[in-house]
Amino acid sequence: MNTVAGNSRRKVALAVLAIRRAAYSTCIPASGRVIDHPSLLLTERAWSGSRMDAAPTANRLLRPAQPARHLSVAAPGKQDQQAAQADDTSVAGSRSLKADQLVSEYWGIVPKQLQREDGSPWPWHSFRPADTYAADVAIDVDRHYPAEKSWVDRAAFWTVRALRGPVDLFFKERHVSHALLLETVAGVPGMVGGMLLHLRSLRRFEHSGGWIKTLLDEAENERMHLMTWVEVLRPAWWERALVLAVQGTFFNAYFLLYLASPRLAHRFVGYLEEEAVRSYTEFLQAIDVGHTPNRPAPLIAIDYWRLPADATIRDVVLVVRADEAHHRDVNHFAADVYNEKRELRTSPAPISYH
Amino acid sequence: MAGGGSCTSFDVFCFQPGDTYSSDTMIDLKKHHVPDTYTDKIALWTVKALRWPTDLFFQKRYGCRAMMLETVAAVPGMVGGMLLHLRSIRRFEHSGGWIKALLEEAENERMHLMTFMEVAKPQWYERALVFTVQGIFFNAYFILYLVSPRLAHRVTGYLEEEAIYSYTEYLKEIDKGHLPNLPAPAIAIDYWRLPKTATIRDVVLVVRADEAHHRDVNHYAADIHEEGKKLKDSPAPVGYH
């Protein structure tokens, strides 16, 4: 019958059928690899939309057409205009804008309007032009700290080695997803270490040697890596769930580890960063071979690392890898200070470069 | 030497010349957030209740009071910053600059402590008290921030208002001559870009201005929560303590 309800039920049924057919048919993603049936472990989320390698049909059915780059990657003028229009068109929106302004002016909190070198307004709140830098990509990425000196070093090394197996098995060729999820883990140690050193400095009435700032900068840098990768790839629901679980476990475990043995904690992070450098090297190889597409770099990366305007994902991976190599050096140095029975506060920290 | 200049004679690595600044001592010290909801009233009366034993313990020893209370004041910013950092990571969201704003507040309060440590050397029982208080306050504020960031920021805002009052009393005692007005420690001259002839009185003035700024930041953060908005959508004041 041609009732409205009957028509809509039929449309829904047809849509569900089409989705199932698309999701379970043979899909040939842009990378050229043929996948017989999608499984979580093998594909790049064929049904999650807006993916670099996802099946085009599934993509179209399940998500509206999205630009290849995230909205924030668009020119800032356009984004500000869109935001302003969104505020003006809704009455509620304009009311809350005024209330916000009143509140911020009452407390004297009026953020300064910063600019890029070309005069366009600075769109980012979590970092300012002075926080940007040019990473030293000539840093030695092959350096490895030999785990010979003590059982602590060997324990750290073999723990990281043991974790490498399952992680590589889980991610396989999905390099961006690997980077995205591991940066959520990497942002934790610096913050935990920085906070514990901060609290220790307070209760012991001691100077810190600059280490609080170094570790907090490392955490912030890793978080910027995450903010960059999230512009390249949106996390799926199960990735978000995984991140929640891992953060809950790792934060508490690292907190207790840092209390028990800061030396083991720093050595562990040093080896983790060595693994990160190795993974990013494999990422570069995958881009060079053509397994992973080399899209334009997100705007946040261009601003943060002072990359040229035509930078690509490959350039982003180069600078992120250089950052990880620097963190490796900082954490191994911190562990060495403990190895030599000295204290962090008397061994000045390498500050001012992430 | 991180701070530079010929007046300093020790090595401090926790701040660099780029981290120094001149405090705005013209900031309005009288601003007070009038509590209008139950949450605000709970915050205000908790802080007022805590004031009574603190006054009993320290009485007129404002130098010692400043030193010990800065060990407490440096905790909220760090806890808030860390929880916002973890939230930003697990939700894949931007922070609006608040992580940096709160961590800067914590670092600034720690610099207050490093300064007042030069003024009032802590005794063994004061150290023991700081240990105990940190253990309790850190955990309490951590749980509070998880449960109600609005109440947490409001409490910190009112704590800073009390700090402004205490520093004003400190200034009065210095002016009356009850407390010595020694030359300012080198770390303070470097950090706040004070003149070389600065005294403790000048240090208290700039520290009080810092506390007023923290009061504004925390009350603003609580107001954002009160309006039902998220911190990440309201840019934070980064770059001035």
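**Chain A, order of elements**

I read chain A along its sequence and found the pattern α-α-α-α-α-α-α-α-α-α-α. The count is 11 helices and zero strands, where helices (H or I, at least four residues) and strands (E, at least two) are DSSP runs numbered from the N terminus. The model is predicted, so local features need pLDDT of at least 70 and side-chain atom pairs pLDDT 80 or more, while totals for chains, interfaces and linings use all residues. Residues are numbered from 1 along each chain as its sequence is written, chains are lettered from A and ligands numbered from 1 in the order written, and side-chain values use heavy atoms, without hydrogens and water.

I looked up burial next: 49% of the 354 residues of chain A count as buried (under 20% relative accessible area; exposed is over 50%, partly exposed in between; 1.4 Å probe, protein chains only). The accessible surface of chain A is about 17,600 Å², and 59% of this belongs to carbon and sulfur atoms. Areas come from the Shrake-Rupley method with a 1.4 Å probe; for residues, only the protein chains shown count as cover. Of the contacts (heavy atoms within 4.5 Å) in chain A with a separation of 6 or more, 71% are between residues 24 or more positions apart.

**Salt bridges**

I counted 33 salt bridges over all chains, each a side-chain nitrogen of Lys or Arg within 4 Å of a carboxyl oxygen of Asp or Glu.

D19(B) pairs with K213(A), with the closest N and O atoms 3.0 Å apart. D19(B) lies in the segment before α1 (38-58) of chain B and K213(A) in helix α7 (residues 211-232) of chain A, so this pair joins two chains. D19(B) is partly exposed at 27%, and K213(A) is partly exposed at 21%.

D55(B) bridges to R65(B) at 2.9 Å between the closest N and O atoms. D55(B) is in helix α1 and R65(B) in helix α2 (residues 62-91) of chain B, so the pair ties together parts 10 residues apart in sequence. R65(B) is buried at 4%, whereas D55(B) is partly exposed at 31%.

I also noted a network in which salt bridges with shared partners join R164(A), D168(A), E275(A), R278(A) and E282(A). E275(A) is buried at 15% relative accessible area.
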